Amino acid sequence: MKNLLPKREENSNKGTFGTVLNVAGCNKYRGAAYLSSCAALKVGAGKVVLASQERVLDSIAEKCPEIILQLRKDVKSLNDYSSVVLGCGLSTDRSAKQIFKKILNLTQNVNLPLVIDADGLNILSEENLKLNKNTILTPHPKEMARLMGVEVGEILKESEKWVKKCSEKYNCVAVLKMHKTLVCFENNFYENNSGNSALAKAGTGDVLAGMIGGFLAQGMNCFDAAKLGVYLHGRAGELASFDLSEYGVLASDVLKYIPVAIKKLLEE
């Protein structure tokens, strides 16, 4: 994993490490927009632009001044971005579905790396939409069941089979978030062993999506970005739990321990 970390050139600026467009959040799930945006910055992305609704942006402006804010209706082009994260706390109402389809079409036009999570996955499960190979899906078992049209029990019983089928169906990297998260693309398969029950909290999936998007912005390929994101996400949860217990870790705590997890990896 240490060898996968993107290099940090000394002769660099914020543009060197890419810009993430994070299309996330709604009035009910403002935290998802914050967590996913900050996570991308924590893994080294140069800039993060959050595209969301006005009330969400107002909330985030006070909480994290490092995030660049934009109304989601104003996204016209993806030419200025290095990767896209789509779906964290987006909701599945009519306007959310419209922006989802719009962003999906724009990513296909420029073949931009894309992470689809949470409500994005729920919208995808209801629509017959085309994805390209530069896409990463990050479902938990219930979301995977919706994507594949089977019961959750089937996913839990034969998780390796279904993550592979998902990758084949959507022609992209599939990440099945479980105790031992699975990552699959074509004939490449990875089983993660970091993490613990501290990560069984609302919002930690948003953190993971942002982390993967941040690595993509720095030029990593989709399979490696997913592997590294999953591993460091697990390590951050472990390190947080050492100080706070597995009971008390919040998703915002996982955010704080991402740099610690990276630092420890660099020291190995």
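At what angle do the axes of helix 9 and helix 10 cross?

## Helix 9 and helix 10

The axes of helix 9 and helix 10 (residues 251-267) cross at roughly 115 degrees and come within 8 Å; axes are lines fitted to C-alpha atoms over the stretch in contact, with angles from 0 to 180 degrees between N-to-C directions. Helices are DSSP runs (H or I, at least four residues) numbered from the N terminus. The crossing is right-handed, that is, the near helix is turned clockwise from the far one by less than a right angle.

## Basis of the model

This is a predicted model, in which local features need pLDDT of at least 70 and side-chain atom pairs pLDDT 80 or more, while totals for chains, interfaces and linings use all residues. Residues are numbered from 1 along each chain as its sequence is written, and side-chain values use heavy atoms, without hydrogens and water.

## Threonine 107

Threonine 107 is in helix 3 (residues 94-110). Its relative accessible area is 1%, so threonine 107 is buried (under 20%, with a 1.4 Å probe and protein chains only). Beyond its neighbours within four places in sequence, threonine 107 is in contact with Leu78, Val84, Leu112, Leu114 and Asn132.

Methods: Helices (H or I, at least four residues) and strands (E, at least two) are DSSP runs, numbered from the N terminus. Buried means under 20% relative accessible area, exposed over 50%, partly exposed in between (1.4 Å probe, protein chains only). Contact means heavy atoms within 4.5 Å.
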